[in-house]
Amino acid sequence: MTRILTTPKEWPAILLRRGAAADPLDLAAAQEAGAFVGLRRAVEDLGPAATIAAIAASGLRGRGGAGFPTGEKWRAAASVAAPRRVVVGNGYGADPASMTDRTLLERAPYAVLEGALIAAMAIGADEAIIAVRAEATAAIAALQTAIERIVEAGLAGEDLLGSGQWIELSVRPVQGAYMLGEETVLLKALEGKRGQPEQRPPQPAERGLFGRPTVVQNVQTLAAVPWILANGADAFAAIGSKASPGTILVSVRTPAGAGVAEVPIGTPLREIVALAGRGGVAELKALLVGGPAGGILPADLADTPYEFDALRAIGAHIGSGSVVAADTRACVVDLARLLTRYCADEACGKTIPCRIGLRRVSEIGDRIATGVPRPTDVQLLADLSSDIVGSALCDHERLATLPLASGMRYFRGELDEHILRSNCPAGVCRPVAVASGAPH
């Protein structure tokens, strides 16, 4: 099971609550700790419109990487005239190195399901689906058991808490590639179709799963909803940063250790890295923030707040919720080209700039790392990256060039060592010559 990193006592715990029951599937214990208080308040006191208003007032933004305002998405779906609507909780966890979503589903399934029920009630949906990676068998089993117990307790299904509304809960195992992290690709997979992104507009909130208005939210977003309704929008808005309130799960990996931590949004990257152990932090060279299509940042940007807008401003993003720290033994050029190759391999192939252009970018990275660059490679890399981003159909295409682009921006000296002097300062790349005295 994934290690939960210890955080300071003054940091709030909303998603992975401290002192939670030893058995996360114990419904009675969960209710004693406050589970389903938010659902009762939404159904019995607020109603759909006021529930959406409360979520909007809290400032909750989607935790799937894009950071779109949750209340705005719910309001859009509720306003579309349609006989049926649906809520989809994205728990796929596309980044193979990030365990945030899987950890949440295994340790707090009732929070996710309660949030899905509240979202469904608010937009007038009769179905809420939690999509999970098929290999995440423990998370799937936990959700299935939790759903059975919720239905038996009368908290879902027919006549939700006496409201007369029917909401069916289900868990759907899905298989696919990294692209399933994108919401329109996930919806295609749930429809049994090839996982490729759709042109927008229309947005899924207007026409999504099987043509129905669909709210797609990361499972972390859904898990925060019950806390907001139980404790108030103002209390949530006071946590984290003003632009991005609340907490978020981060998968942290450093030379000293790894694990998942719940941190207030806006926490400096340096403090997040330190949660996994202080060994190696003093020799910090680079931070990969955002997963395989994330930005590679230098050590002098480690005080940047872990927050949607602050990260975008420096060429990174929250993405899959992954922060990887590399010490001086790592070669940024090698890291960037490996990440770019992964992104090229995982591309769905729908658009030519992504299918072909990203492969060419990957090949440029390989040439530079192996000591056989062409004189035009640096300019070609910049031009190709610009073309790919400018014609992008989905976020995978927009972000896949980030590793090499951020490497060029922040580690140009190391790049030039490879290109101009056929030298890898870290002693990682072969057959590039190894610098004198470099570690082997």
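**Exercise 1. Describe how the axes of helix 4 and helix 8 are placed, and which residues meet.**

Solution. The axes of helix 4 and helix 8 come within 9 Å of each other and cross at roughly 40 degrees, where axes are lines fitted to C-alpha atoms, for helices over the stretch in contact, and angles run from 0 to 180 degrees between N-to-C directions. Helix 4 is therefore oblique to helix 8, since angles under 35 degrees count as roughly parallel, over 145 as roughly antiparallel, 65 to 115 as roughly perpendicular and the rest as oblique. This is a predicted model, in which local features need pLDDT of at least 70 and side-chain atom pairs count only at pLDDT 80 or more, while totals for chains, interfaces and linings use all residues. Residues are numbered from 1 along each chain as its sequence is written, and side-chain values use heavy atoms, with hydrogens and water left out.

Next come the residues: Thr100, Asp101, Leu104 and Leu105 of helix 4 meet Val219, Gln220 and Ala223 of helix 8, contact meaning heavy atoms within 4.5 Å. Helices (H or I, at least four residues) and strands (E, at least two) are DSSP runs, numbered from the N terminus. Sorted by class, this contact has 4 nonpolar, 2 polar and 1 charged residues, with Ala, Val, Leu, Ile, Met, Phe, Trp, Tyr, Cys and Pro counted as nonpolar, Asp, Glu, Lys and Arg as charged, and the others, Gly among them, as polar.

**Exercise 2. Work out how helix 2 is oriented to helix 8 and to helix 3.**

Solution. Begin with helix 8 (residues 219-231), whose axis comes within 9 Å of that of helix 2 (residues 37-58), the two crossing at roughly 100 degrees. Helix 2 and helix 8 are therefore roughly perpendicular to each other. On the side of helix 2, the contact includes Val37, Arg41, Leu46 and Ile55, and on the side of helix 8 it includes Val225, Pro226 and Leu229. The residues of this contact divide into 10 nonpolar, 3 polar and 1 charged.

Then turn to helix 3, which packs against helix 2 at an angle of about 155 degrees, with the axes 7 Å apart. That makes helix 2 roughly antiparallel to helix 3. Among the residues that meet are Thr51 and Ile55 in helix 2 and Trp74 and Arg75 in helix 3.

**Exercise 3. Characterise the aromatic pair of Tyr178 and Tyr342.**

Solution. The structure holds 3 aromatic pairs, rings of Phe, Tyr and Trp (its six-membered ring) being paired if their centres lie within 6.5 Å, with planes under 30 degrees apart counted as stacked, over 60 as edge-to-face and the rest as tilted. Tyr178 and Tyr342 form one that is edge-to-face, at 5.7 Å centre to centre and with 75 degrees between the planes. Tyr178 lies in the loop between strand 3 (168-174) and helix 7 (183-190) and Tyr342 in helix 12 (residues 332-346), so the pair ties together parts that are 164 residues apart in sequence.

**Exercise 4. Locate the cis peptide bonds that involve Pro201.**
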